[in-house]
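I opened this model to look at how two chains meet, and then at a piece of one fold. My entries follow in the order of looking.

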Amino acid sequence: MTGDHRPASGTPVRRKEDARLLTGRGRYVSDLALPRMRHVAFVRSPLAHGRITGIDTDGALAVDGVTAVFTGEHPALASVALRALSALPGYVETDQPPLARDKVRFAGEAVAAVVADDRYLAEDGAEAVVVDYEPLTPTVCAWDAGITDPVHDEAPDNLLLSRTFTAGDVDDALAGAHVVVDRDLTTNRHGGNPIECRAGVARYEAADRRLTFWSGTQVPHLVRTQLAELLDLPEGNIRVIAPDVGGGFGVKAVLYPEDVALCLMAMATPGIPLKWVEDRVEHLLAATHARDHRYVLRAGFAADGELLAVRADVWCNVGAYSVYPWTAGIEPLMAGGLLTGPYKLAHYACTVRGVTTNTSPSGPYRGVARPATVFAMEALLDSGARALDMDPIALRRRNLILPADVPYRMPSRLVDDSGAYEACLDRAVAMFDLAGWRAEQGRRRKVGGRPLGIGVGIYNELTGLGRAASAGPRMPFRTGHDACTVRINPDGAVTVFSGVTSQGQGLETTMAQVVADALGVDYDAVDVRIGDTDSSLWGFGAFSSRQAVIGGGAAHLAGADVRAKALALAGALCEVDVSDLDLRAGQVHVRGQEKPVIALAEVAEVAYLRSDRLPEGFEPGLESTKFYDPIRGAFAAGVQIAALEFDPATGEIGILDWVCVEDAGRIVHPVIVAGQVAGSIAQGIGGAMYEHLVYDEDGNLSTGTLLDYLMPTAGEIPELRIGHVCTEGANPTHVRGVGEGGTLAPNAVVAGALLDALGVEVDDLPVTPARVWELVSP
Amino acid sequence: MKCPPFSYHRATDVADAVAALGAADGEGKILAGGQSLVPLLALRLARPAVLVDVNRVPGLDGLVVRDGVLHAGALVRHLHLAGQDHHPLAAEAARWIGHTAIRSRGTLAGSLAHADPSAELPAVLRACDGAVHVAGPGGTRRLGADELFVGALQSSLAETEMITGVELPVPDAWGFAEFARRHGDFAIVSVAAARFGDRLRVVVGGVAGVPHLVDPGDLATCDGGLSADRVAILAAAAADDVDPPSDLHGSAGYRRALTEQMTARALTQLAGHRTPEAA
Ligand SMILES: Cc1cc2nc3c(=O)[nH]c(=O)nc-3n(C[C@H](O)[C@H](O)[C@H](O)COP(=O)(O)OP(=O)(O)OC[C@H]3O[C@@H](n4cnc5c(N)ncnc54)[C@H](O)[C@@H]3O)c2cc1C
């Protein structure tokens with residue numbers, strides 16, 4: 001060993017989790033089997049809106065193997081409701097029962113739960129539960145519906161919240177504009193669809209009133225806090241464990257009524273663990289949906305292309321309940337706050353509304369509202385470019401927030417600290433070979449061949465939000481910080497207890513890299529524990545592309561602090577001034593000297609086992625816990641450009657090339673970052689071209705299985721070419737979040753390419769072959 | 001998505017399978033590749049009392065050509081059909097079915113009995129004017145393609161009958177074209193075209209309850225060569241002849257347009273000039 005510390009960050013070290021995940025030895029909730037465990041199946045409403053007039057559970061109880069049936073009126077559940085809180089003026093708070101009481105508000109809402117020896121028998125029981133309903137008139141669309149029966153009595157107009165963002169004087173600016181463009185856009189409802197659907201096992205030990213909840217959640221600490229309140233248990237009596245989780249994408253950042261029902265039922269059947277694993281039909285029906293929005297837009301441009309003003313009216317269909325704990329504000333407020341994206345704008349008026357309907361609740365989904373807002377903003381720019389007869393990329397350049405402008409106060413008053421948009425655009429244009437594709441486009445126009453179009457999407461991703469910008473609308477908590485504990489064990493190896501969670505995105509690896517470098521040990525000497533509220537102090541979990549920034553920051557600070565402690569002890573043991581010491585690859589050196597003076601393992605041994613050698617003034621142990629909060633956030637810039645071809649005869653869409661350049665700040669693990677970018681673009685392409693949850697006018701979901709709800713597969717996703725620009729984030733590891741950015745542009749890119757190829761503006765998504773054909777057929 | 005209760009019988013031969021179906025009193029179902037039946041069970045849309053598993057019945061997986069007709073056993077898997085070269089139209093069509101995992105399990109008779117109007121093999125059976133051999137309590141019978149398909153997911157087989165073999169006449173020239181949303185999806189529209197001597201048969205999948213045999217008219221005869229003009233006329237005639245439904249994946253108008261496009265591609269292929277766009 002040379003004693004040189006080779007930094008783990010910035011290199012594609014082998015992922016810690018791969019040995020188990022790639023050999024089929026993952027530990028998922030779905031795999032968990034406990035003694036005496038029973039299985040739960042939910043009875044779900046076939047109606048979108050109706051009063052429950054009676055529930056007969058006798059038939060279910062008569063099924064062999066069924067041991068219990070719960071309804072909303074069961075004493076164990078009857079007094080509990082999930083109520084998403086916000087101090088936002090005018091926000092209407094509503095209750096969501098764990099199992100429906102009195103009324104059902106969407107098709108798929110859980111009405112009763114059957115407990116049985118296995119899931120087959122539980123489903124047999126569920127079929128035998130007879131529920132009588134008195135139908136009410138459902139509301140399905142959030143913007144063009146007369147209301148007969150409001151979804152919630154508290155909101156007779158179905159409006160749960162509304163907020164207006166204003167800056168400058170829009171009327172005045174529009175009056176002075178050289179051109180004004182209007183667009184009326186709708187985006188398609190779709191959802192996260194992780195490979196592993198929702199899953200939970202709840203076990204209650206009555207003797208010491210302890211509840212353990214194994215859950216495929218992205219937010220175990222938040223779940224613990226919420227369960228303590230809802231179940232009336234001391235928070236310390238609840239342990240939430242999120243072991244390996246098969247994807248999340250935001251869908252699992254929600255505490256669901258089914259989760260709460262499962263825990264309440266477990267408390268009613270002490271000593272018997274209850275398991276519920278959601279199947280795909282339930283997931284499509286009742287896990288949170290997203291992106292069902294309408295944007296009515298007007299923008300004014302000066303003759304030179306300067307964007308002068310934007311007026312926007314936005315409706316977000318928030319579904320039947322205000323999603324817990326994020327509230328119905330999650331999509332509308334993000335939409336209004338980020339609509340203007342990476343563009344400078346002085347005059348802005350935007351009213352957003354969260355409208356409740358008889359559809360599955362909307363919740364956080366990778367990119368939250370911004371795939372829709374980027375589509376909206378880029379549509380305005382594409383229309384503006386046509387009206388001005390300007391090159392669409394040149395028009396974008398004319399309006400980008402530049403390095404000289406940052407920190408830039410957006411018209412919604414968010415502060416953008418990125419300014420890397422132009423750098424990303426330059427790099428993307430170069431990688432993409434814009435000139436080459438324009439020539440090919442011209443060639444096809446002349447000699448024939450499928451029309452080719454180039455689409456562009458530029459976006460900012462609000463990542464790693466600190467307390468001043470934290471996610472969510474004035475909720476009773478601020479999600480700005482995470483904690484991390486770094487412990488050097490008696491043998492000198494390192495165990496990290498981090499508050500981050502992982503749903504496949506390799507956080508064990510990323511945290512180990514950060515700690516290895518902060519501390520001065522080998523990557524292989526670091527083991528990371530996540531997802532258990534009994535072992536890590538605190539973390540808000542995975543959402544808002546926050547964990548590399550915030551969890552990584554905490555890991556770095558804790559690692560650096562333990563390093564200082566270890567060096568202090570080493571200095572005292574070796575009688576060397578600490579300021580002369582350095583820790584590299586687990587060996588303590590005097591700076592500039594090849595040969596180590598003491599191994600970290602020996603320092604650790606003294607710290608734990610050899611108090612006889614412990615110098616004056618030193619406590620036993622080598623550990624540190626630190627919190628980190630970036631206070632603001634780290635805006636991340638991104639650009640996607642693609643060339644698509646369209647067959648006017650069939651509407652067939654072919655993706656010929658797709659380039660993405662993002663600013664991830666300093667990259668911790670290049671392959672993980674590329675994976676995040678590629679995966680999120682794939683989900684974005686899914687939303688742009690395939691995925692659509694369609695309700696009929698009675699509120700029945702028409703796309704109830706993966707036969708009709710189409711997700712892109714490897715066959716549909718093109719080779720993605722990914723590039724990077726690096727402007728370091730102002731946080732301990734200099735990173736910027738990358739989890740969501742990829743999803744933001746594909747809507748805009750596909751729609752823009754269609755416009756460029758065939759001259760048709762598409763106002764509603766997804767862009768399918770049938771839609772393309774309709775748009776171009778006379 | 002768990003199956004309702006059923007009992008299970010593993011048939012040892014055709015007679016045993018037919019007897020088991022008879023004993024189930026109309027409540028029995030054959031389990032072949034399971035690629036259509038198992039999802040229906042999981043969704044509880046099918047509730048047979050007895051599943052009669054025919055996968056171990058010997059002698060049903062052969063392929064042989066006699067007198068210009070491919071004779072295939074009921075259990076010939078899609079993958080097998082896709083890999084043989086006696087009947088290139090059937091091979092080409094089978095390649096369009098789902099993905100490898102599905103093709104390696106799904107069977108020819110299962111696909112025909114399931115009678116999905118968007119499925120490839122029913123369209124091929126009809127385009128080739130083929131037939132199935134059926135065994136039942138009263139003995140065996142032969143059912144022509146035109147009689148087999150009754151409606152969407154409905155065949156004229158009795159609950160107690162089993163397809164044992166399939167006859168697929170080998171056409172002199174053929175073409176196949178399909179348009180689907182994603183690689184491996186059921187077709188929105190597919191077209192199988194076959195020429196036997198001077199007789200042309202064009203069948204469109206995905207536009208009606210059964211694979212639609214385009215009204216002969218102009219299409220009836222073909223002198224071997226098909227000019228581009230004639231292809232265009234015939235494709236337009238096919239589009240006129242169909243009356244498709246609208247659904248989530250496309251309107252009636254769109255399906256009609258696809259019928260024209262896919263017919264043109266299939267006939268172009270049949271005429272021997274493969275267009276670059278024909279897959
Ligand atoms: C994801 C997916 C994608 C697919 N994509 C396509 C596609 O693109 N195109 C396509 O055509 N198909 C597709 N399929 C269906 C597949 O082709 C099935 O294999 C086929 O439809 C049924 O054949 P099977 O052997 O699996 O029959 P099974 O599922 O076992 O049975 C289907 C039905 O046929 C009956 N049956 C089976 N064998 C006999 C017999 N010998 N006699 C009488 N009745 C019988 C059964 O009782 C049952 O009612 C897809 C399936 C899946 C899961």
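**Interface of chains B and A**

I started with charge pairs in this predicted model. The rule finds five salt bridges across the interface of chain B and chain A. I then asked which part of chain B gives the largest share of the side that touches chain A. I found helix α10 of chain B (residues 252-270), with seven residues.

I picked out one salt bridge by its side chains: B:Arg265 meets A:Asp647 at 3.6 Å, N to O. I sorted the side of chain B that touches chain A by class and got twelve nonpolar, six polar and eight charged residues.

Next I looked up the extent of the contact. Chain A puts in 31 residues and chain B 26 residues. Between them the two chains bury about 2,300 Å², and carbon and sulfur atoms account for 61% of that area.

**Strands in chain B**

I turned to strands β2 (residues 28-31) and β3 (residues 50-53) of chain B, which run parallel and are joined by four bridges. As one pair I noted B:Lys29, whose bridge partner in β3(B) is B:Leu51. I followed the chain from β2(B) to β3(B) and passed through helix α2 of chain B (residues 37-42). I recorded this β-α-β crossover as right-handed.

Definitions and conventions
Residues numbered from 1 in each chain as written. Chains lettered and ligands numbered in written order. Predicted model: local features only at pLDDT ≥ 70, side-chain atom pairs only at ≥ 80, totals over all residues. Heavy atoms only, no water. Contact = heavy atoms within 4.5 Å. Buried area = accessible area lost by both parts, 1.4 Å probe. Salt bridge = Lys/Arg side-chain N within 4 Å of Asp/Glu carboxyl O. Helix = DSSP H or I, 4+ residues; strand = E, 2+ residues; numbered from the N terminus. Nonpolar A, V, L, I, M, F, W, Y, C, P; charged D, E, K, R; others polar. Pairing = 2+ DSSP bridges. Right-handed = clockwise from strand over helix to strand, strands pointing away.
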